[in-house]
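Please examine the sequence and the model shown below. The paragraphs that follow lead from the chain as a whole to individual residues and then to a pocket.

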Amino acid sequence: MLSGIRGLRLEVTDVRAKSKYDDHKPVEHRSAVADRLTERGQGLDVPAARRQLRRLDRIGPWKS
């Protein structure tokens with residue numbers, strides 16, 4: 001049975017990511033997240049916070 005087990009090693013050469021902005025969350029929650037990202041200020045936190053606030057201004061509160 002052990003002869004059927006195989007291993008595989010992969011080398012990651014590129015990563016593409018997409019942000020998800022949780023537009024279904026309340027406005028207060030989305031604003032708080034943007035504030036915390038701005039305070040933390042690591043990597044792409046500040047640009048992500050700015051984008052979230054622009055989306056918040058454009059989209060506004062989510063309604064079901």
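**From the chain to its largest pocket**

The protein chain exposes about 6100 Å², and carbon and sulfur atoms supply 53% of this area; accessible areas come from the Shrake-Rupley method with a 1.4 Å probe, and for residues only the protein chains shown count as cover. This is a predicted model, in which local features need pLDDT of at least 70 and side-chain atom pairs count only at pLDDT 80 or more, while totals for chains, interfaces and linings use all residues. Residues are numbered from 1 along each chain as its sequence is written, and side-chain values use heavy atoms, with hydrogens and water left out.

The secondary structure of the protein chain consists of two helices and zero strands. Both kinds of element are DSSP runs numbered from the N terminus: helices are H or I with at least four residues, strands are E with at least two. The radius of gyration of the protein chain is 19 Å, whereas a compact globule of 64 residues would have one near 11 Å; the value is taken over C-alpha atoms, and the globule rule is 2.2 Å times the number of residues to the power 0.38. Along its principal axes, the C-alpha trace spans about 60 × 30 × 15 Å.

Of the 64 residues in the protein chain, 16% are buried. Buried means under 20% relative accessible area, exposed over 50%, and partly exposed in between, with a 1.4 Å probe and protein chains only.

Arg55, by contrast, is found in helix α2 and counts as buried because its relative accessibility is 15%. Leaving aside neighbours within four places in sequence, Arg55 is in contact (heavy atoms within 4.5 Å) with Tyr21, Asp23 and Gly60.

Tyr21 is also one of the residues that line the largest pocket, together with others including Asp22, Arg30 and Gln52. A pocket is an open set of points on a 1 Å grid over the protein atoms alone, where a 1.4 Å probe fits, with protein on both sides within 12 Å along at least five of seven lines; lining residues have an atom within 4 Å of a point. The elements that give two or more residues to this lining are α1 (27-40) and α2 (45-59), and α1 gives the most, with four.
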